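Good morning, and thank you for the time on today's agenda. Please keep the sequence and the structure in view while I go through them.

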Amino acid sequence: MLFKLAFRNILRQRRRTILTTISMAGGYLLSAMSFSMIDGSYSNVIRIFTEDETGHLQIHSKDYADKPRIYKTIDTLNVLNETLHAENHIKSFTPRTFAPALAYAEDNHAPVQVIGIDNELETDTSRLREKLASGQWLTAQPDSEGYFDALIGQGAATSLEIGVGDEIVLISQGADGSVANDLFRVKGTVGTRRSQERLNVYLPLQAAQPFLSLGPNQVHEIAIVLDDISLTDNIAAALTETLGRLVPDLTVSTWPEIQKTFYQSMQADKRSNAVTLGIILFIVFVGVLNTVLMSVLERTREFGMMKALGSRSSLVLTMILLETMLLATASIILGILIAIPVILWLTHSGFSLPDPVDLGGVPFSHMKGEFSARVMLLPAAIIYGYALAVSFLPGLRAARILPVEAMQTH
Amino acid sequence: MNEPHRQPVIKTEHLCRHFGEGETLVKALDDVTLNIERGEFSALIGPSGSGKSTLLNLIGGLDNPTSGSVELAGRRIDQMSGNELSDFRRDHIGFIFQSYNLIPVLTAAENIEYIMLLQGVPHAERRRRVSDILDRVGLAGLGERLPPALSGGQQQRVAVARAMVSEPDIILADEPTANLDSKSGISLLEVMRELNRDQGMTFVFSTHDQKIMERARRLIHLEDGRIVKDEQRV
């Protein structure tokens, strides 16, 4: 009966009900689109970020991530190889070494970051190979003249005024404190003059390790890509436990820990978007509040009569809340029907930005939405929450009124 | 005044209801002590502002007294909490209002059924009682109509049926015939008189209507919030 009563009550003022439903459905659509774009954009950025270089997880020697030093190495690459191969959810992983260096070519010199990479595993783990701007990918063996290959960033190539086939001399410090210097042949250039690898020089791991006086099982970093990003924390915990037993003094870091600044700015941006959306929805719901208030005030006499007949205050309150929830449900159904094609379009096609945005070194030029349970259900929960909130006080007022006072109103 | 062997169903003692304070103080009801026995067909009469409706509201637990006590079916209703009072009204008091006060979105049958739903009466029993009472008040076949589709007299009959269907101890009727034409008013009064006679149901009216006064077996005259005359009639 209560349900019937609430349902018939909302049909009393059909025009008002339709307008309120459209208003709330608009709120739902707006929220669902915003969540879709926020989640879609950040999923895209995170995917670009992690697949570009970082990976989902990284293993380092203890405190290397905070204070990188050439001698803080992982010394058991062979043991880690076995452990990481045994983990089902690891899609790929690659070892790396890092060292600052000075690069010379003829009369020019430039500070660079030397990165030793596994020429095969790196291809499976990062997008570096896709960024090859000229020349060819690294080979693990020296050429006929005994020179190892090097890939250089476009920034370094411009500063040093060199290109594919030219020689480059690198001077750095070895892990044992010795001076490291050697000559390499430029096999290709990577990225652009603005991309984050612009001042990097990539060497095959087989060359970088002896160059930096490191043994064949010594590296600075292992980057790992998982088959499902949502498993990042779980796999990190599992690896921490396993490695803690096998190889102490290693740390497993997740991508939000590695890219802390990016992650924090992303979270702040998400929060500010949520606040903005909350304010917009609040304005939408001021209109709904007005509807509920009008509906309650014009039926005060009726509520008094219901109480006179023996309805408890809670029943009157429940009926008013139920009316608003029915209205919210109708709005959400309408909103979902409109939102599904819109969000599917955003997810599959999206739209291009007039000017690409640089997010922590990652160029971002195309925005796409995301279609997920969260995108569809969170706005519904917000609509229900707001609907309950705006109907609670008018409902309480109606429920608490003394029957004799209510029945004196017209 | 009352026969000593009969138990009063309504008992008020030194009942007062004041509004405002100081110079604006209005004594709507002032020191009213009254007993109404089970099965009575009584009318509160008096000029406008004499306190008839106020007394009826206090007896029905729709308003709180400034002082004094109201006892109904042996229980002090002026001391009850909100929910206790709601449950008590539901189970012991039937109301008939001047302007019918039916729930406009419920049919006549649903309006009558409403109190039984609050009482938790089973579905089949509700249906049976609704059907019976519609017959008794002369509305057989009109149960599925919404209130706006009924005449004033028919709506008031629905209100009477609603008040009676839960078999309360007492029915309080505030100017029940005021919005009805003479014929409908008499017809409705006959229905109520019959229910009083056949089922021994207690009726208390507040009224200006001569027709009710003629049929009432007790007339309680109020003036300026006080009982000025209490007249038993044969």
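Leaving aside its neighbours within four places in sequence, with which residues is A180(A) in contact? Before I answer, let me state that what you see is a predicted model.

The partners of A180(A), once neighbours within four places in sequence are set aside, are I171(A), S172(A), Q173(A), G174(A), F211(A), L212(A) and S213(A). A180(A) itself belongs to strand 7 of chain A, which covers residues 179-190. Its separation from F211(A) is 31 residues along the sequence, yet the two C-alpha atoms are 5.9 Å apart. Is A180(A) buried or exposed? It counts as buried, because 20 C-beta neighbours lie inside 10 Å, and 20 is the number at which a residue is called buried.

Let me widen the view to the whole of chain A. The domain assignment divides it into domain 1, made of 2-50 and 262-406, and domain 2, made of 63-248. Between the centres of these two domains of chain A, taken over C-alpha atoms, the separation is 50 Å.

On confidence, chain A has an average pLDDT of 89, and 98% of its residues score at least 70. Where in chain A is confidence lowest, and where is it highest? The lowest mean, 72, belongs to strand 12 of chain A, residues 362-367, while strand 8 of chain A, residues 200-204, has the highest, at 95.

I turn now to the contact between the chains. For the model, the scores are ipTM 0.86 and pTM 0.73. Chain A brings 17 residues to the contact and chain B brings 18 residues. On the side of chain A that touches chain B, helix 1 (2-10), helix 10 (300-308) and helix 13 (403-406) each supply at least two residues. Helix 10 of chain A gives the most, with four residues. Sorted by class, this side of chain A has eight nonpolar, four polar and five charged residues.

Next, chain B. Its average pLDDT is 88, with 97% of the residues scoring at least 70. One stretch calls for caution: over residues 1-5 of chain B the pLDDT stays under 50, and the model has four contacts beyond four places in sequence for them.

Chain B contains seven helices and 10 strands. Along the principal axes, its C-alpha atoms fill a box of roughly 50 × 40 × 40 Å.

Four strands of chain B form an open sheet, in the order 2-1-4-5, with antiparallel pairing. Why is one side of strand 2 and of strand 5 of chain B left without a neighbour in the sheet? Strand 2 (26-37) and strand 5 (75-76) stand at the edges, and each has a single partner strand, so one side of each is left without a neighbour there.

Moving through the pairs, strand 1 of chain B, residues 8-19, is joined to strand 2 of chain B by eight bridges; in this pairing I10(B) has I36(B) as its bridge partner. Strand 1 of chain B also pairs with strand 4 of chain B, residues 67-72, over five antiparallel bridges, and here K11(B) stands opposite E71(B). Strand 4 and strand 5 of chain B are joined by two bridges, with L72(B) and R75(B) as bridge partners. The hairpin of these two strands of chain B has two residues between the strands, and A73(B) takes a positive phi near 50 degrees there.

Two further residues of chain B deserve mention for their backbone angles. E175(B), although not a glycine, has a positive phi of about 45 degrees. It is found in the loop between strand 7 (170-174) and helix 6 (182-199) of chain B. D224(B), also not a glycine, has a positive phi of about 50 degrees, and is found in the loop between strand 9 (218-223) and strand 10 (226-232) of chain B.

Key. Residues are numbered from 1 along each chain as its sequence is written. Chains are lettered from A and ligands numbered from 1 in the order in which they are written. This is a predicted model: local features need pLDDT of at least 70, side-chain atom pairs count only at pLDDT 80 or more; totals for chains, interfaces and linings use all residues. Two strands pair if DSSP finds at least two bridges between them. Domain bounds come from an automatic or database domain assignment. pLDDT is the predictor's confidence in each residue, from 0 to 100. Two residues are in contact if their C-beta atoms, placed from the backbone, lie within 7 Å. Ala, Val, Leu, Ile, Met, Phe, Trp, Tyr, Cys and Pro count as nonpolar, Asp, Glu, Lys and Arg as charged, and the others, Gly among them, as polar. A residue is buried if 20 or more other C-beta atoms lie within 10 Å of its own, exposed if 12 or fewer, and partly exposed in between; C-beta atoms are placed from the backbone.
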